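Please consult the sequence and structure shown below.

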Amino acid sequence: MTQEITRATFDEVMVPTYAPSTIIPVRGEGSRVWDNEGKEYIDFAGGIAVTALGHSNPTLVKVMREQAGQIWHLSNVMTNEPALRLAKKLTSKTFADRVFFANSGAEANEAAFKLARRYAYDHFGPEKHEIIAFYKSFHGRTLFTVSVGGQAKYKEGFEPTPAGIKHCDFNDIEQLKTIISDKTCAVVMEPIQGEGGIIPADLEFAKQVRVLCDQHNALLVFDEVQSGVGRTGTLFAYEQTGVTPDIMTSAKSLGNGFPVGAMLATEKVAKSFAFGTHGSTYGGNPMACAIAEAVVDMIDTPEVLNGVKKRHELFVAGLHAINKKYHVFKEVRGMGLLIGAQVVDEFSGNASKFLAAAAEEGLFVLVAGPDVVRLAPSLIIPEADIAEGLARLERAVAKVVEQSKAA
C-alpha cells in the first residue's frame, strides 16, 4: 500500500534545511502543474530557473526512455559516448575548448574555482591564489562555493572557511581596482546576479573586469548556472556582454530538471586539470548527457531564443501594468526570462508575501532575497499562460495590498 505523504511527513523524516509549502505537486505538463488535491497552478518559477522546456516535455521524455533502455551509468574509466556528444556540442557553440561534467551548479563552480587556483599554481606559483567575487553573489552550497559567494549568511556557523577570497560591490569597477593584485588568480562573476536580486552586470563594468584580469594575469570566471542555456535570450548571457571568460559554468536549465552541471574552459586553462587532479563519480552520467544534448538542440534555435525576448516584453509590460494600479514595485529588471520586481519600501523584507498570495491564486513565483519577486518560467511558456498567470499575480498583489491596508 502506498504511504500517504503530507507536509508533516517532511518534518518527520527530513533534515530541516528547507521549509517547503503545504502544496504537493504530483503532475506537470508544459507550464501548468497540479497538486495532489487536483488544484492547477501556472508555473512562473520553473523549479528555480530549471525547467526551461516545461514539465514532462514529450521530446525529453522520449530521449530519457531511449537512453534508459541502453545504458544508465558509466564510470570515468570508460569512454562515454553521450558525454562526448554533449561536450562537442557545447564547445562548438561557445568560446570553450574543453568541458568537465558534474551534477549541479555548485559542483561545476567548485571545479571552476579549483581549476583557477591550479592554473595559477602551475603558471605563477602558490602565492597567486586569491579569488575575488562580488557581494550578493551566489555560487552554491559547498564550503568553497559559499565562501566565494558574497552572502555571509550562507557561511555563518561553518567557519573556518577557505581563505584567500575577497569581495567587492557588483558593478563598481573602481572598488575592484583597489583589491585586485598580482596575487589574484581569478575574478568570479554572474553576468546577472540571480539570488542577489536579479541585477545585470553593466556592460562597461564587465568589459573593464576583463581588462583588469588581463592586466593582472587573472582568469575571468563566469557563473552562468542560472543565466545560461537560453535563459537571457542567447544561449549564454556572456554573448550579450561583449566579454569572453576563461572559464564558465552551467547547470539548472541544462538538464531541464535532470541533474547535470558543466564547467567549460579554454584549452590553455583546462590543461591544469591533468589526470587525477579532479573527478566525479556521476559527472557525465549518460542519462544526464543524453537529455542535456536534446535540451541544447531544442533551445539553441532562433525560434526559441527570439521567443524568449518576446516573452520578456510581455512579462515586463504586464508587471508595469500591475504596478500602475497598485504601486508595489520600485523597479522591474532582468534579462530574458530571468526577471525581478523589487518591492517598494512599504513591503521591504516581505517579498515572500507576494509568493504566498500568488500560490493561493494558483501561481508559482519566486523571490530573490527579501525584496525581489522573481520570475523564471519555461522559455517556451505559451503566451496564454503568461496572460493568465499575470492575471493571477494581479489578484495576489491586490490581496497583499488590501491586507497591508487592513493591518
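## Helix H4: length and faces

The 13 residues of H4 should span 18 Å at 1.5 Å a residue, and the end C-alpha atoms are 19 Å apart, which agrees; the expected span is 1.5 Å times one less than the number of residues. Helices (H or I, at least four residues) and strands (E, at least two) are DSSP runs, numbered from the N terminus. This is a predicted model: local features need pLDDT of at least 70, side-chain atom pairs count only at pLDDT 80 or more, and totals for chains, interfaces and linings use all residues. Residues are numbered from 1 along each chain as its sequence is written, and side-chain values use heavy atoms, with hydrogens and water left out.

Pro82, Ala83, Leu86, Ala87, Lys89 and Leu90 are the buried residues of H4 (buried means under 20% relative accessible area, exposed over 50%, partly exposed in between, with a 1.4 Å probe and protein chains only). Seen down the axis of H4, these buried residues fall within an arc of 165°, so they line one face of the helix; the arc is that of the directions from the helix axis to the C-beta atoms. Glu81, Lys88 and Ser92 are exposed on the other side of H4.

## Cis peptide and positive phi

The peptide bond from glutamate 159 to proline 160 is cis, with omega near 5°. Proline 160 is placed in the loop between helix H6 (143-148) and strand S6 (165-168).

Alanine 49, in helix H2 (residues 46-49), has a positive phi near 65° although it is not a glycine. Alanine 49 is buried, with a relative accessible area of 0%.
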